[in-house]
Amino acid sequence: MKKGGAIALAVVLALSLFVVLFVTTGVREEVTDCVPGRGVSSAAGGVPAGSFAKPVKTSESVLSSPFGQRWGTNHNGMDLAGPVGTPIYAYADGIVSKAGPADGFGMWIVLDHNIGGQTVSTVYGHMYPDGIHVQVGDHVAAGQHIADIGNNGQSTGAHLHFEYHPGGWGQGNAIDPGPFYAAAADPGTGQNGQSPLPPDSTSTPTQPPAGDTAEMAALPATVGSEEHYQVDTVRVARAVHAKFPQITRIGGWRADGGGFDDHPSGRAADIMIDNWSSEEGKALGDQVKDYLWANRDYFQIEYMIWRQEYIPSNGVPNTMEDRGSPTANHFDHVHITTVGHGAPVPGQTYGPVPGGSGSAPKAAGSCTTAPGAGLGDHADLAAGQVPPEFEPWLALSAAQCRELSPAILAAQLKQESGFTPGLTSPSGAEGYGQFLPGTWAAYGFPVDNNGVVTGAAGEGDPNDVGDAVMAQGRYNCSVADTLRPSIESGSITGDPIELMLAGYNAGPGAVQQFGGIPPYSETQNYVTTITATASDYDLAR
């Protein structure tokens, strides 16, 4: 952070990370019964975020039957032959809509995707029952290992039958998957797979709304910005504002999606709940959630998250793992991810505000209190090792990306300032995190007592504990996000946390230049000292 080249890079990164008001992610979750430390299980195949993966590696399969006429009827997919047990990968990010027995296939999986603003389903067939590794409602990432090749159903040899359905799965709407297979990347290579489909920027509600027939009004700038939103997300934000005028803030877009595309793609909206910890705030969030659920088809909602409950529009709701803070656990906002349907076009219409009411389903074993919500709950930190005024902020800041932990942040603050306010280095670095003025101008947002941004970048105080620690995590996460694609491709090697720390000290450009931790003695000592000191602060040591 304190090297000259890092300042310019930080300013550029800040332009794409300006909306840091809402710290949520598109989430791939499993039932956890509120037990901290359990949760997300994902086996990504090594394709970059937003990319497309071949369903079977080219080195492990051969095309045995293409799409088209076969045996007097149309063969609706392509067959990729390989030995029983050969891994099958998800073509794109999506939701599992079907997984289990199916006529002809023996067993199958259907994934629903948003590709270029269009709903697309991919179909995978002929697995054995023990060769399916996902279940209905799961969110999967492109290149994730979802199944294994089998020889089940109406099959004359072990193979994967793969189909591509624009508009969603249905009889008679499959098209040749060959071009999509050819453009996709082999899982594990780190290459970018492409899609030959052009984007579709149209969206039509799937059910007529009850209530007003007037076109819904735009979201006021005082409540939030529609910039970067896709069509379905604009519709959600406008309708929620119209139905719940007491909602003062709606956000959701940001460049850093924590590895998922919901926020960067403009498909996610965050309905912030004032006084979320009060009974009044909880009731308001419940009302928003139930209203959106009742109109989920109209709004084209894929899933919602509220108070640690993941609620898919199709599938079984479940309870997320405890992520350590009210924002990360979605206690202070209702998160909505839509199908999207592309960017608005000139003259775009959104329809009237729907009426409707209902009650969203509840997850079994739902949490009744807010894990991570109490500012005195810092179970990841060893007692008495950190000044008490820092403890809640370390937990909140660590929730901003997966590379962070309260212990790492504590050790980094110890190295930077020793938790001492008012320090200024000979190079002009200031405050607890020793930010240079140019870097602080990009990442130093003022925050309230819940870590929510309340002003513009640079307006925070580097000697205020909350402002400083949240900025410290924010910058660490931007460095990690910058380095992540190079780590995934193999052009940078090393532990992601150590690489993040090296980038914080020397700038991510230096890490990329040297393909790992730069050979600067200061940076190497910085990384070594912090990782060693972190064990002193880690309760699990």
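Start in helix H4 and select Lys 282 and Asp 286. The two residues are 4 apart in this helix, so about one helical turn separates them. They form a salt bridge, with the closest N and O atoms 3.2 Å apart. This is a predicted model. Lys 282 is partly exposed, at 27% relative accessible area.

Together with Lys 282 and Asp 286, they are linked in a network of salt bridges. Side chains of opposite charge can pair when their charged atoms come close. How many salt bridges does the structure hold? The count is 7.

**The sheet**

Next, colour the strands of the open sheet. It has 6 strands, in the order E12-E13-E17-E14-E15-E16, with antiparallel pairing. Which strands are at the edges? They are E12 (250-251) and E16 (318-319), and each pairs on one side only.

Zoom in on E13 (residues 268-272) and E17 (residues 333-338). These strands are antiparallel and pair over 5 bridges. Pick Ile 271, then look across to E17: the bridge partner there is Val 334.

Two helices come next. Show H3 (residues 231-243), which packs on the sheet and touches E12, E13, E14 (301-306) and E17. The direction of H3 makes about 145° with that of E17. Then return to H4 (residues 279-294). This helix also packs on the sheet, touching E13, E14, E15 (309-312) and E17. Its direction makes about 170° with that of E14.

**Two salt bridges between elements**

Select Arg 238 and Glu 226. Their side chains meet in a salt bridge of 2.8 Å, N to O. Arg 238 lies in H3, while Glu 226 lies in the loop between H2 (178-183) and H3, so the pair ties together parts 12 residues apart in sequence. Is Arg 238 buried or exposed? Arg 238 is buried, with a relative accessible area of 11%.

Move on to Asp 274 and Arg 249. Here the closest N and O atoms of the salt bridge are 3.3 Å apart. Asp 274 sits in the loop between E13 and H4, and Arg 249 in the loop between H3 and E12, so this pair ties together parts 25 residues apart in sequence. Asp 274 counts as partly exposed, at 30% relative accessibility. Arg 249 is partly exposed too, with a relative accessible area of 22%.

**The nonpolar cores**

Select Phe 390 and Leu 394. These are the residues with the most contacts inside the largest nonpolar core, which has 45 residues. Now show the elements that give two or more residues to this core: H6 (391-398), H7 (406-416), H8 (437-443), H9 (465-489), H10 (496-506) and H12. Which of them gives the most? H9 does, with 10 residues.

Stay on Phe 390 and display what surrounds it. Leaving aside neighbours within four places in sequence, Phe 390 is in contact with Leu 413, Phe 419, Tyr 432, Val 465 and Val 469. A second, separate core has 35 residues, including Val 240, Phe 244, Val 288 and Leu 292.

**Last stop: H12**

Finish in helix H12 (residues 521-537) and select Thr 533. Thr 533 counts as buried, at 18% relative accessibility. What does the side chain of Thr 533 reach? The side chain reaches the backbone oxygen of Thr 529, at 2.7 Å.

How values were computed
Residues numbered from 1 in each chain as written. Predicted model: local features only at pLDDT ≥ 70, side-chain atom pairs only at ≥ 80, totals over all residues. Heavy atoms only, no water. Pairing = 2+ DSSP bridges. Contact = heavy atoms within 4.5 Å. Axes fitted to C-alpha atoms, helices over the stretch in contact; angles between N-to-C directions. Salt bridge = Lys/Arg side-chain N within 4 Å of Asp/Glu carboxyl O. Buried < 20%, exposed > 50% of the residue type's maximum accessible area, 1.4 Å probe, protein only. Polar contact = N/O pair within 3.5 Å; in protein donor to acceptor, adjacent residues only side chain to side chain. Core = buried A, V, L, I, M, F, W, Y, C linked by side-chain atoms within 4.5 Å.
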